[in-house]
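Student: Could we go through the pockets of this model together, and then look at the ligand?
Tutor: Gladly; here is the structure to keep beside us.

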Amino acid sequence: MLIKTPRRSDCVESEVTPEALYLNRRRFMQGAALSAAAAGLPAISQADSGRYADVESADAPAWFDRKLGQAQWGSVTVKDEAITPFPDATHYNNFYEFGPDKGDPARHAQQLVTDPWVVTVDGEVAKPGKYTIEDLVSGPALEERIYRLRCVEAWSMVIPWLGVPLAALIRRLEPMASARYVRFETLVRPDQMPGMRTGFSLIDWPYVEGLRMDEAMHPLSLMTLGMYGRVLPNQNGAPLRLVVPWKYGFKSIKSIVRISFVRDQPATTWQTMAPHEYGFYANVNPAVSHPRWSQARERRLPGSLFSPNVRKTEMFNGYADEVSGLYAGMDLAKEY
Ligand code: MTE
C-alpha cells in the first residue's frame with residue numbers, strides 16, 4: 001500500500017522535498033526573485049527546476065489566492081511514483097464538451113468563462129440554493145493531494161490536486177436522511193464549448209456523474225479547485241471538478257454547475273450510453289475487463305511507442321485499504 005490517508009500529523013512529502021517546492025509557483029518565484037536580488041544571485045534558483053518547474057502560471061480569482069495562502073501541502077501522497085509532468089497532464093485530456101481528441105480541450109477550453117461561477121444545490125437537502133464557488137468552498141482548508149488518475153482507457157497519471165474534502169462541503173449543505181446519492185452536472189454552454197456544437201458526439205448533455213452518499217463522504221473524495229500548486233486549467237475542469245481516485249477517471253466530472261441530493265441512483269452519462277461497457281460504480285478493477293480490452297495493465301503517461309511505460313493496475317487503483325469496506329458483500333464483477 002503506497003498511499004497514506006490524510007492525518008495532519010503525516011506530512012510525508014515535506015520530509016523528502018524542500019519546502020520551497022510546496023509554495024505556489026508564482027509566490028515562490030516572487031520570493032526567489034526578491035531574496036536572490038538581495039543576495040546578488042540570478043533570480044531563478046536551482047529549486048525552481050524541481051517539482052513545478054514546467055508549470056505555466058495563471059491568473060486566479062482573489063478567493064483562490066486567499067485559500068492557497070493557507071493550503072496544507074502534501075496531505076496525501078503517492079510514494080515512489082513520479083508526478084506526471086504538467087504539460088502532459090494539460091495536453092492529453094478527456095473533456096468531450098471541447099471535442100473528442102486528446103488535444104481538443106487544451107486547444108479550445110480557453111473559451112470557457114469560469115469567473116463568476118455559480119453552483120446550484122438542490123434535492124433532498126436542508127440548504128438548497130445558488131452558491132458562488134467562493135461561498136461553496138469557503139469552510140475547509142485547501143489541501144494538496146497527490147493521487148493516481150486511472151482512465152478506463154487504460155492510461156494513468158499521477159497528479160498533485162488542490163481541493164477540499166467533498167465530505168466537508170456536503171456536511172455544510174446538510175443533506176437529509178433520504179438523500180442516498182449525490183448527482184453532479186457539468187455546464188452546458190455550446191457557445192463556449194465547441195465539442196457540443198458538432199453532431200459527432202453521442203453524448204446527451206449535460207455530462208452527469210454520481211456517487212453513493214457513503215462514497216461521496218469518504219475522506220479520499222476531493223472537490224478540486226487546482227493542480228500543480230495553481231488554479232485548475234480550463235481543460236482539466238476549471239473551476240470546480242470532482243476527483244475520486246479509486247474510480248475510473250470518467251467519474252471525475254469537470255466544470256460542475258449543479259449538485260443534487262437524490263433518493264435514487266442517478267442515470268450517469270457513460271452508463272446510460274453504453275451500460276454493458278461502463279457501470280455506475282466504475283471502481284478500478286484489474287480483474288474485470290472492459291468488453292473490448294483488459295484492465296489488468298495500464299500505460300503510465302508520459303510514455304512512447306518504444307517505451308510505453310506499462311505497469312500492473314492495482315485493485316481500487318491502489319486505494320483498496322482505504323475503500324474496499326465501502327463495497328463489502330457486493331459482487332464487483334456484476335456491479336462494475
Ligand atoms: N467531465 C466532463 N464534463 N466531460 C468529460 O468529457 N471526461 C472524463 C472526466 N471528466 C469528462 C469529464 C474522463 S473520461 C476522464 S479520463 C477525466 O475527466 C480526464 O481528466 P483529465 O483530462 O484532467 O486527465
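Student: What classes of residue make up the lining of the largest pocket?
Tutor: The lining of the largest pocket has 17 nonpolar, 6 polar and 5 charged residues, where Ala, Val, Leu, Ile, Met, Phe, Trp, Tyr, Cys and Pro count as nonpolar, Asp, Glu, Lys and Arg as charged, and the others, Gly among them, as polar. Keep in mind that this is a predicted model, in which local features need pLDDT of at least 70 and side-chain atom pairs count only at pLDDT 80 or more, while totals for chains, interfaces and linings use all residues. Residues are numbered from 1 along each chain as its sequence is written, and side-chain values use heavy atoms, with hydrogens and water left out.

Student: And what is a pocket here?
Tutor: On a 1 Å grid over the protein atoms alone, a pocket is an open set of points where a 1.4 Å probe fits, with protein on both sides within 12 Å along at least five of seven lines, and lining residues have an atom within 4 Å of a point.

Student: How much space lies in the largest pocket?
Tutor: The largest pocket holds about 440 Å³, a volume being the space filled by probe spheres set on the grid points, which are joined across faces, edges and corners. It is lined by 28 residues, and those closest to its centre are Asn94, Tyr96, Cys151, Gly249 and Phe250.

Student: OK, what takes up the space of that largest pocket?
Tutor: The ligand does; a molecule sits in a pocket if more than half of its atoms lie within 2 Å of the pocket's grid points.

Student: How many residues surround the ligand?
Tutor: There are 17 residues around the ligand, the closest being Asn93, Tyr96, Glu97, Arg241 and Lys254, and a residue counts as near if one of its heavy atoms lies within 4 Å.

Student: Which polar side-chain atom lies 2.9 Å from a nitrogen atom of the ligand?
Tutor: That atom belongs to Thr186, and a polar contact is a pair of N or O atoms within 3.5 Å.

Student: Switching topic, what is the volume of the second largest pocket?
Tutor: Its volume is about 370 Å³, and among its 25 lining residues Arg230, Val231, Leu232, Pro233 and Asn234 lie nearest the centre.

Definitions and conventions: A polar contact is a pair of N or O atoms within 3.5 Å; within protein, one must be able to donate a hydrogen and the other to accept it, and residues adjacent in sequence count only if both atoms are side-chain atoms.
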